[in-house]
Protein chains: 2
Amino acid sequence: MANTSARILRLLSLLQTHRYWPGAELATRLEVSERTLRRDIDRLRELGYPVAASRGVAGGYQLRSGTAMPPLLLDDEEAVAIAIGLRAAADGAVEGIEETSVQALAKIVQVMPPRLRRRVDALHSATSRPPARNGPKVGAAVLTVIAQACRDNERLRFSYIDRAGVPTTRLVDPHRLVSLRRRWYVLAWDTEQHDWRAFRVDRLDEPAVTGARFRPREIPGGDAAEFVRSRITAQTPQREVVVEVRADVAEVEKIVAVTGGTVEAAGGRTCRLRIGTEDFDWPIFILAALGAEFEVVQPSEFRDRLRATGELFLRASG
Amino acid sequence: MANTSARILRLLSLLQTHRYWPGAELATRLEVSERTLRRDIDRLRELGYPVAASRGVAGGYQLRSGTAMPPLLLDDEEAVAIAIGLRAAADGAVEGIEETSVQALAKIVQVMPPRLRRRVDALHSATSRPPARNGPKVGAAVLTVIAQACRDNERLRFSYIDRAGVPTTRLVDPHRLVSLRRRWYVLAWDTEQHDWRAFRVDRLDEPAVTGARFRPREIPGGDAAEFVRSRITAQTPQREVVVEVRADVAEVEKIVAVTGGTVEAAGGRTCRLRIGTEDFDWPIFILAALGAEFEVVQPSEFRDRLRATGELFLRASG
DNA sequence: CTCTTCAGGTCAGAAAGTGGCCGGAATCAA
DNA sequence: TTGATTCCGGCCACTTTCTGACCTGAAGAG
């Protein structure tokens with residue numbers, strides 16, 4: 001208990017609560033003399049955690065930023081908030097960091113006490129989220145299991161519905177989770193087909209580690225994301241909605257900056273707006289929010305959808 | 001260097017990378033004998049971190065979940081992902097945990113090395129986010145400064161544009177950040193007016209700690225959120241859009257679960273959908289995505305907006 | 001100037017950490 | 001069943017570190 005290591009950890013924890021601790025208080029909290037406290041502070045500094053000290057009447061110690069991340073000592077609330085934030089990020093709320101988010105989430109969930117895990121689940125399901133935009137939803141629990149299996153080289157069993165809609169059971173060596181176009185894939189070595197496969201995570205269910213571990217193979221081409229991309233690129237055509245908006249580029253860009261899409265000037269006071277998407281709800285939202293006159297360039301299905309929605313709205317407004 | 005504390009920390013770090021470490025490898029990595037490694041494992045267990053061990057040919061050590069959060073040892077990528085996720089959560093991507101997210105963000109940012117902080121900023125600004133829905137944007141940097149000042153009882157100076165549009169400079173003792181209706185407020189004791197004030201964070205600029213610290217006062221009523229609510233409740237009326245949708249409750253709920261809002265059955269195959277909002281873009285998105293016939297119950301401004309949007313869409317679709 | 005607070009040297013006794021050695025027990029594969 | 005592997009933990013002697021007490025300095029704040 002009165003261990004040095006434990007005390008250092010506690011000190012680090014106290015310092016992360018910041019508050020400019022006066023040395024005397026730290027010493028009493030840790031139940032050591034002030035001399036020892038100073039030595040502990042020194043130890044932290046030697047470990048690379050920069051502890052700033054200020055002297056004088058309102059002096060004290062304060063943990064500042066250094067060159068490496070110190071071990072984060074989180075209280076329950078913070079841990080929950082982080083898990084929730086990471087889930088949202090993994091769900092695609094923030095683009096570009098989905099994979100790392102899942103990885104970090106896996107790390108946190110693994111050491112998170114069950115009671116906190118329950119709170120995360122409860123909060124997550126009770127809370128409303130931003131629109132799913134497109135792509136089927138994938139449970140964070142499923143992702144976490146897979147991420148852990150990838151990291152730990154643990155063989156995975158799951159049920160899968162293949163492209164033809166046939167349900168099967170797979171036994172694979174999972175290597176990497178890849179997030180692509182708002183969908184999750186797991187790149188794995190199929191131990192029964194003896195070949196690499198990219199499984200869509202939304203189509204698999206009940207992933208469970210078997211307990212067996214495997215020796216990771218070299219991924220063909222070396223780049224998991226690239227490999228998955230090449231496997232699926234021909235299968236799911238991405239549709240692009242293009243419209244010509246009667247508004248200044250600057251004005252359109254202000255909206256597009258938060259919704260995604262590209263704008264280019266198209267002469268006069270019009271500009272061309274491109275939105276990559278798989279369904280049409282999203283472009284409709286953007287155009288409704290813009291409120292400017294526009295014309296559909298492509299695709300014609302979007303024009304149809306637009307007419308249907310317009311008529312629906314007119315009927316609704318009497 | 002060859003400190004015990006440092007070694008324990010490193011061991012914890014290694015274990016968080018999981019991978020079922022075999023004892024021998026851990027021992028060589030930590031440059032100690034296996035006997036000492038076993039002792040270190042014991043130490044961790046005494047500290048409350050449950051380390052599972054499995055024997056036999058494929059045995060090893062593994063950190064499992066216990067009753068408290070262990071210190072998280074994150075690599076750079078993970079730290080960045082967490083910071084980004086928390087920012088998004090603080091931005092309101094996830095409802096209900098904004099305050100805790102900011103608090104956790106402040107804690108992380110404080111100890112985060114500058115190079116990572118730069119990466120977070122770059123990633124955050126490069127990345128497109130879900131729609132702002134409503135409410136003006138507030139920089140995470142501003143929030144972080146305020147959160148830290150609240151936690152550390154540091155007096156804050158900032159420029160503020162008051163309700164009348166007059167710019168002033170304030171010197172306050174910040175007590176709590178409150179997120180309400182997608183807006184941020186800081187509840188503070190105004191040292192010049194000698195009174196409590198709730199400042200809208202989006203209206204203040206360049207917050208900076210003065211270096212002075214203050215003794216926290218008791219918040220009137222004890223509940224900061226309630227206090228802020230009572231202060232601003234009369235000023236910004238929240239509008240509620242109510243529509244009757246011709247669809248099954250279950251169907252509507254499926255959409256509403258991710259977009260927010262409440263549904264109740266209204267006889268036959270219709271149900272009543274309520275959406276609290278400050279602008280109308282959001283309900284329009286929901287109704288367009290639903291695609292079912294509906295009638296507007298209130299407010300009439302929404303009916304007007306709906307008609308305008310419907311006509312716009314019809315013009316656009318030719 | 002004075003008070004407060006951090007900084008760090010020295011010292012001696014106490015406490016802990018360490019590696020080597022060993023017998024045990026669980027697990028798995030042959 | 002047998003043997004290999006791997007974790008477990010007691011014992012011991014030696015080394016290292018840790019600790020508190022005491023003291024002198026130095027840096028801010030009022």
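This is a predicted model: local features need pLDDT of at least 70, side-chain atom pairs count only at pLDDT 80 or more; totals for chains, interfaces and linings use all residues.
The secondary structure of chain A amounts to 11 helices and 11 strands. Among contacts in chain A between residues at least 6 apart in sequence, 58% link residues at least 24 apart.

Residues 4-59 of chain A carry the annotation "domain: HTH deoR-type" in an unreviewed UniProt entry. Over this stretch the chain is 61% helix and 7% strand, and 25 Å separates the end C-alpha atoms.

In the model, 28 residues surround DNA strand C, and the closest are G23(A), A53(A), S33(B), T36(B) and G56(B). Two or more residues of the surface near DNA strand C come from each of α2 (23-30), α3 and β2 (60-63) of chain A, together with α3 of chain B. By class, this surface near DNA strand C holds 10 nonpolar, 10 polar and 8 charged residues.

The largest share, 4 residues, is contributed by α3(B). Sorted by class, the residues near DNA strand D comprise 9 nonpolar, 10 polar and 7 charged.

The two protein chains also meet each other. In this interface, 84 residues of chain A are in contact with 84 residues of chain B. On the side of chain A that touches chain B, helix α4 (residues 76-93) gives the most, with 11 residues. That side of chain A divides into 46 nonpolar, 22 polar and 16 charged residues.

How are the two copies arranged? Chain A can be laid on chain B with an RMSD of 0.4 Å by a turn of 179 degrees and a shift of 0.1 Å along the axis. This is the relation of a two-fold axis. The same surface serves both copies, with 100% of the contact residues of chain A recurring in chain B.

One residue that brings the two chains together is Q16(B), which lies in helix α1 (residues 4-16) of chain B. Q16(B) is buried, because 22 other C-beta atoms lie within 10 Å and the threshold for a buried residue is 20 or more. Apart from its neighbours within four places in sequence, Q16(B) is in contact with K107(A) and V111(A) from chain A, and with L63(B) and L73(B) from chain B. Q16(B) and P71(B) are 55 residues apart in sequence, yet their C-alpha atoms are 9.8 Å apart in space.

In helix α8 (residues 224-232) of chain B, the residues A224(B), F227(B) and V228(B) are buried. These residues lie on the same side of α8(B), because they cover an arc of only 95 degrees around the axis. Among the elements that cover the buried residues of α8(B) are β4 (167-180), β5 (183-190) and β6 (195-200) of chain B. Helix α10 (residues 281-290) of chain A is mostly covered, with 10 of its 10 residues buried. The buried residues of α10(A) include W282(A), F285(A) and L287(A), as well as D281(A). Just after α10(A), G291(A) takes a positive phi of about 75 degrees.

Finally, some backbone angles deserve a look. Most residues other than glycine have a negative phi. N153(A), although not a glycine, has a positive phi of about 55 degrees. N153(A) sits in the loop between α7 (140-152) and β3 (154-161) of chain A, and it is partly exposed, with 17 other C-beta atoms within 10 Å. E206(B), also a residue other than glycine, has a positive phi near 50 degrees. E206(B) is part of strand β7 (residues 204-213) of chain B. With 11 other C-beta atoms within 10 Å, E206(B) is exposed.

Terms used: Residues are numbered from 1 along each chain as its sequence is written. Chains are lettered from A and ligands numbered from 1 in the order in which they are written. UniProt positions are given in the numbering used here, feature names are shortened, and annotations may be inferred rather than shown by experiment. Ala, Val, Leu, Ile, Met, Phe, Trp, Tyr, Cys and Pro count as nonpolar, Asp, Glu, Lys and Arg as charged, and the others, Gly among them, as polar. Two residues are in contact if their C-beta atoms, placed from the backbone, lie within 7 Å. Copies are superposed by least squares on the C-alpha atoms of residues with pLDDT of at least 70 in both. A residue is buried if 20 or more other C-beta atoms lie within 10 Å of its own, exposed if 12 or fewer, and partly exposed in between; C-beta atoms are placed from the backbone. The arc is that of the directions from the helix axis to the C-beta atoms. A residue is near a molecule or strand if its C-beta atom, placed from the backbone, lies within 6 Å of it.
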